[in-house]
Amino acid sequence: MKRRATMARATARHILVSTEAKCNELKAAIEGGADFAEVAKENSSCPSSRQGGDLGSFGPGQMVKEFDTVVFSAPINVVQGPVKTQFGYHLLEVTSRQD
């Protein structure tokens, strides 16, 4: 029998910026109706910005710890953040998850 941890998968998208202030500003814009993918394309410094911030599908342990913690606990389709990592500040949205 496989360990449950190996079964978990999630898909998520994110926006990476250098400051917490910018992160909060973008979160407010998205919560006010701005399109996440468009905001990602215009503002995110991650190469994933070209796909609207889409990170695809991954399992636990494939992303940095701070990211992982949010992705495998946050509600689906609710923008989370700012989440600080070694790369900067992220807004993060889990688009699907199989526990």
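**Entry 1: Leu 91**

I started with the neighbours of Leu 91. Leaving out residues up to four places away in sequence, Leu 91 touches Arg 13, His 14, Ile 15, Cys 23, Leu 26, Lys 27, Ile 30, Phe 36, Val 79, Gln 80, Gly 81 and Pro 82. Contact here means heavy atoms within 4.5 Å. Before going on, I noted that this is a predicted model, where local features need pLDDT of at least 70, side-chain atom pairs count only at pLDDT 80 or more, and totals for chains, interfaces and linings use all residues. Residues are numbered from 1 along each chain as its sequence is written, and side-chain values use heavy atoms, with hydrogens and water left out.

Leu 91 lies in strand 4. Is Leu 91 buried or exposed? Leu 91 has a relative accessible area of 0%, so I put it down as buried. The cut-offs are under 20% relative accessible area for buried, over 50% for exposed, and partly exposed in between, with a 1.4 Å probe and protein chains only. I also checked one pair: Leu 91 and Gln 80 are 11 residues apart along the chain, and their C-alpha atoms are separated by 5.7 Å.

**Entry 2: His 90**

Next I looked at His 90, which is also placed in strand 4, residues 88-98. His 90 counts as buried because its relative accessibility is 3%. Which side chain makes a polar contact with that of His 90? I found Thr 85, at 2.7 Å. A polar contact is a pair of N or O atoms within 3.5 Å; within protein, one must be able to donate a hydrogen and the other to accept it, and residues adjacent in sequence count only if both atoms are side-chain atoms. Thr 85 is also on the contact list of His 90, along with His 14, Ile 15, Leu 16, Cys 23, Phe 67, Gln 80, Gly 81, Pro 82 and Val 83, once neighbours within four places in sequence are set aside.

Gly 81 and Pro 82 turned up in the contacts of Leu 91 and of His 90, and I checked the bond joining them. The Gly 81 to Pro 82 peptide bond is cis, with omega about 5 degrees. Pro 82 sits in strand 3.

I then went to Asn 77, in the loop between helix 4 and strand 3. Its phi is near 60 degrees, a positive value in a residue other than glycine. Asn 77 counts as partly exposed because its relative accessibility is 48%. In that loop, between helix 4 (65-71) and strand 3 (80-85), I also found Ser 73. Ser 73 is at 53% relative accessibility, so it counts as exposed. From Ser 73 to Val 39 I got 24 Å, C-alpha to C-alpha, for residues 34 apart in sequence.

Val 17 is in strand 1, residues 9-17, and counts as buried because its relative accessible area is 6%. Beyond residues up to four places away in sequence, I have Val 17 touching Lys 22, Cys 23, Leu 26, Asn 43, Gly 88 and Tyr 89.

Ser 49 is in the loop between helix 3 (36-43) and strand 2 (54-58). Outside four places in sequence, Ser 49 touches Ala 40, Lys 41 and Ser 44.

Asn 24 lies in helix 2, residues 20-31, and counts as partly exposed because its relative accessibility is 36%.

**Entry 3: the whole chain**

I finished with the overall picture. How many helices and strands does the protein have? I counted four helices and four strands, in the order α-β-α-α-β-α-β-β along the sequence. The radius of gyration is 13 Å, close to the 13 Å that the globule rule gives for 99 residues, so the protein is as compact as a globular protein of that length. That radius is taken over C-alpha atoms, and the rule is 2.2 Å times the number of residues to the power 0.38. The C-alpha trace spans about 45 × 25 × 20 Å along its principal axes.

Buried residues make up 38% of the 99. Of the contacts with a separation of 6 or more, 59% come from residues 24 or more positions apart.

Technical notes. Helix = DSSP H or I, 4+ residues; strand = E, 2+ residues; numbered from the N terminus.
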